[in-house]
Amino acid sequence: MKLSALLLLAPVMLLQAEVRTMSLHDAVALALKQNPDVVMARLDLLKSQYGVKVAKDPFVPKLYGGSGAAWTTGYPASINGSPPSIFEARTDMSLFNRPQSYGVAQARENARGAEIGVAHQQEEAVYQTAALYLDAQQTARLLEVAQRQESSLTKVLENVRARVAEGRELGIQSKRAELNLAKARQSLEALQGDLEMAQRNLAVVLGFGAGDRIATIPEDQLKFGDMPETEDAAAEQAVETNKQIQVLQSQMQAKTLEIKGYKAARLPQIGLVAQYNLLAKHNFQDFFPNFQRNNGQLGVSITIPLLVGSAPRAYLGQNETDLAKLKTQSEQLRSRILLNTHKDYQQIRRAETARNVARMDLDLAREQLNILLAQYDEGRIGVADVEQARTQENDKWMAYYDAQHTLARVKLELMKETGDLVAMLQ
């Protein structure tokens, strides 16, 4: 593409980027609808459902009809062995085919597993949406605190410069104030970039383009439902509701059906066959004294496998190996779920303690600021002391917000493990 064309397209591409303000509930609903992983899982489900129809095809009667012209000499016969006909119609279908019957059952189980896979991807999409929404909210809160801090340090710098000009402070104090303000502005710039990336990541999870952004609503706080009463109850619930374990169980059931199909390879197979031919008299008048224009056959075909070769036994061994592997994966996943549940409970207790300590630290900083404000009103201290206290209070606010965010993320992880997340956020 020429450079001029790219330059013409660039403004259009920029116009397509959009900032959407969305509640957590609306974001979750949109993720369930158009998250790329969920969409692909639905396509896999649709493909597996078509696979059921493919597996059932041998048991469905089919009708083929046609005609053709060819020169023949000698005994009347067509190239495929049937008598030369003006018109021919034939049909066939399986009546008893045990390997194929197991194949149909396997296809149905694969479809059921794909349906569970859709539910699993929905859970993952909801978790990613909620986690990124919390991250974006947290970054926005920290950005507000950083802006207040930058404003306070600006006032401190102005006050210090005035005191230096009056000869009441050393010049190094001005440099120290400038450094503190530069650090605050650096942190503010980093938080602005983090917020943009968090909003872009959330947009991608919701199925939008990488240039779009999802702005969160600060007042839309995540409210957690009732947690399981005990850690053991949570672990048991997590194992029972885990969609990955259910998918593995479905794959094991499908693999068992496939094994049964290979074991049934020596059973006889019975099919229905029928054929109709509309014959031309000139092809047969020199060979048969009696001629019937309409010729039809209806019956059954019976196939008895005598020597099936080594492939069925080899396929059987391969599938038994796969089944053992799936069982091992299921046990491994169960152990990991139990371990994650235990870890989540430990982290929740630690996060709650850290939040309480951060809150106490914040309350103390606010009381100290109130005392300094009273002293400032009495003329006992300067503006720099007050603004320095405000900066310290802002630091405590950041620590408190971080502790809150950590606790919310750990609870979110536990709700995901127990399978309650989608119901809680819908």
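# Rings, sheet and salt bridges

Reader: W397 and Y400: buried or exposed?
Author: Both W397 and Y400 are buried. Buried means under 20% relative accessible area, exposed means over 50%, and partly exposed is in between (1.4 Å probe, protein chains only). This is a predicted model: local features need pLDDT of at least 70, side-chain atom pairs count only at pLDDT 80 or more, and totals for chains, interfaces and linings use all residues. Residues are numbered from 1 along each chain as its sequence is written, and side-chain values use heavy atoms, with hydrogens and water left out.

Reader: Where do W397 and Y400 lie?
Author: Both lie in helix α9 (residues 383–418). W397 and Y400 are three residues apart, about one turn of the helix. Helices (H or I, at least four residues) and strands (E, at least two) are DSSP runs, numbered from the N terminus.

Reader: How many aromatic pairs does the structure hold?
Author: It holds four aromatic pairs. Rings of Phe, Tyr and Trp (its six-membered ring) pair if their centres lie within 6.5 Å. Planes under 30 degrees apart count as stacked, over 60 as edge-to-face, and the rest as tilted.

Reader: Y262 and Y315, why is that pair stacked?
Author: The ring planes of Y262 and Y315 are at 25 degrees, so the pair is stacked. The ring centres are 5.3 Å apart. This pair links distant parts of the chain, 53 residues apart: Y262 is in helix α7 (residues 243–263) and Y315 in helix α8 (residues 311–377).

Reader: How accessible is Y262? And Y315?
Author: Y262 has 24% relative accessibility, so Y262 counts as partly exposed. Y315 is partly exposed too, at 41%.

Reader: Back to W397 and Y400. What kind of aromatic pair do they form?
Author: An edge-to-face pair, 6.3 Å centre to centre with 70 degrees between the planes. W397 and Y400 also form one aromatic cluster with Y401.

Reader: New topic. What order do the strands of the open sheet take?
Author: Four strands form the sheet in the order β2-β3-β5-β6, with antiparallel pairing. The edge strands are β2 (62–66) and β6, and each pairs on one side only. Two strands pair if DSSP finds at least two bridges between them.

Reader: How many bridges join β3 to β5?
Author: 10 bridges join β3 to β5 (residues 269–279).

Reader: Which residues make the nonpolar surface patch?
Author: L95, F96, L267, I270, V300, I302, I304, L306 and L307 make a patch of about 910 Å². Strands β3 (85–96) and β6 (294–303) each give two or more residues to the patch. Patches are made of residues with over 30% relative accessible area and no salt bridge: like charges are joined within 9 Å, nonpolar side chains (Val, Leu, Ile, Met, Phe, Trp, Tyr) within 5 Å.

Reader: And V300, buried or exposed?
Author: V300 is exposed, with a relative accessible area of 52%. V300 lies in strand β6.

Reader: How many salt bridges are there?
Author: The count comes to 16 salt bridges. A salt bridge is a side-chain nitrogen of Lys or Arg within 4 Å of a carboxyl oxygen of Asp or Glu.

Reader: What about R185 and E150?
Author: R185 forms a salt bridge with E150, the closest N and O atoms being 3.0 Å apart. R185 lies in helix α5 (residues 171–205) and E150 in helix α4 (residues 98–165), so the pair ties together parts 35 residues apart in sequence. R185 is partly exposed at 44%, whereas E150 is buried at 19%.

Methods
Accessible areas come from the Shrake-Rupley method with a 1.4 Å probe; for residues, only the protein chains shown count as cover.
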